[in-house]
Amino acid sequence: MEKQRILIVDDDENIAELISLYLTKECFATEIAGSGRAALAAVESFEPHLILLDIMLPDMDGYEVCAEVRKRRQTPIIMLSAKGEILDKVLGFKIGADDYIVKPFDSSEMVARVRAVLKRSNPAPEVSQVAQSTEHQGEYVEYDGLLVNITNYMVIFEGKQIDMPPKELELLYYLAKRPNQVFTRDQLLDRLWGYDYIGDSRTVDVHIKRVREKVTGESEHNWNIATVWGKGYKFEVR
């Protein structure tokens, strides 16, 4: 089962590492960003299930980061701050924060709040006939053992529904929609992340790696996500 990913945004390395240690012990995958801009880049490359966001950051404050994230995603955000005034909390909630923890905090409380917010934001999906009947509705591509539906954001691989974050699914669909066409990393960044994306081409490599891991099975298929050395990637159909 895939671990839930937590992005920790705090410019105090000691605090960030300590939080990471607590969460890792609870079987979460973590990544640390020490600034607002680094956080925005990590949101795209790491695609966290939840963000722990400190308010006091060196370049952008946590409120600005929260507002920027909310323009693109609905990723749950828990604000971290030494400030405990009511107005600070109200501002955090107004711009889209899901919870607010005042420093210093107890590690068990933090973990409990993380789990509670994740549970509210990502209720356990129920396997039903409705899900099965919707896989061929809307816009989708289908190959041997693989179906990618961009309308309802569903991936079926070897008969099983795959949990895939939106950007990974969009990347897979974009390539599969254009079989055997080669795209450079920059082209994929421009077309899937947008011209104003803050990051670099390694973001594409990370997403390709994660997609491959999720659609690699024991059986051989007549397609694969191929690396074209010196160029980029393509959805190769044989």
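This is a predicted model: local features need pLDDT of at least 70, side-chain atom pairs count only at pLDDT 80 or more; totals for chains, interfaces and linings use all residues.
Is W223 buried or exposed, and what is its relative accessible area? W223 is buried, with a relative accessible area of 6%, where buried means under 20% relative accessible area, exposed means over 50%, and partly exposed lies in between, with a 1.4 Å probe and protein chains only. Residues are numbered from 1 along each chain as its sequence is written, and side-chain values use heavy atoms, with hydrogens and water left out.

The mean pLDDT of the protein, pLDDT being the predictor's confidence in each residue on a scale from 0 to 100, is 86, and 89% of the residues reach 70 or more. Over residues 124-131, however, the pLDDT is below 50, and this stretch has 2 contacts in the model beyond near neighbours in sequence, a contact meaning heavy atoms within 4.5 Å.

The secondary structure comes to 9 helices and 12 strands, these being DSSP runs numbered from the N terminus, with helices (H or I) of at least four residues and strands (E) of at least two. Of the 238 residues in the protein, 45% are buried. Among contacts with a separation of 6 or more, 55% are accounted for by residues 24 or more positions apart. The accessible surface, computed by the Shrake-Rupley method with a 1.4 Å probe and, for residues, with only the protein chains shown counting as cover, comes to about 12,800 Å², of which 51% belongs to carbon and sulfur atoms.

The aromatic side chains bring the discussion back to W223. The whole structure holds 4 aromatic pairs, a pair being rings of Phe, Tyr and Trp (its six-membered ring) with centres within 6.5 Å, counted as stacked when the planes are under 30 degrees apart, edge-to-face when over 60, and tilted for the rest. F157 and W223 form an edge-to-face pair, with 6.2 Å from centre to centre and 75 degrees between the planes. This pair links distant parts of the chain, since F157 belongs to strand β8 (residues 154-157) and W223 to strand β11 (residues 223-228), 66 residues apart. F157 also counts as buried, at 5% relative accessibility. The rings of W223 and F235 have their centres 5.4 Å apart and their planes at 15 degrees, so this second pair is stacked. It joins strand β11, which holds W223, to strand β12 (residues 232-237), which holds F235, across 12 residues of sequence, and both W223 and F235 are buried. Together, Y143, F157, W223 and F235 form one aromatic cluster.

H221 lies in the loop between α9 (202-214) and β11, and at 16% relative accessibility H221 counts as buried. Leaving aside residues up to four places away in sequence, H221 touches D144, G145, F157, E158 and R238.

Charged side chains form another set of links. Side chains of opposite charge can pair when their charged atoms come close. A search of the whole structure finds 15 salt bridges, each being a side-chain nitrogen of Lys or Arg within 4 Å of a carboxyl oxygen of Asp or Glu. In one of them, the side chains of E44 and R72 meet at 3.5 Å, N to O. Because E44 lies in helix α2 (residues 36-46) and R72 in helix α3 (residues 62-72), this pair ties together parts that are 28 residues apart in sequence. E44 counts as buried at 5% relative accessibility, whereas R72 counts as partly exposed at 39%. E44, E47, R72 and R73 are linked in a network of salt bridges.

Within helix α3, E68 and K71 are 3 residues apart and are therefore separated by about one helical turn, and their side chains meet in a salt bridge of 2.9 Å, N to O. E68 is partly exposed, with a relative accessible area of 22%, while K71 is exposed at 64%. K234 forms a further salt bridge with E236, the closest N and O atoms being 3.7 Å apart; K234 is buried, with a relative accessible area of 18%, and E236 counts as partly exposed at 24%.
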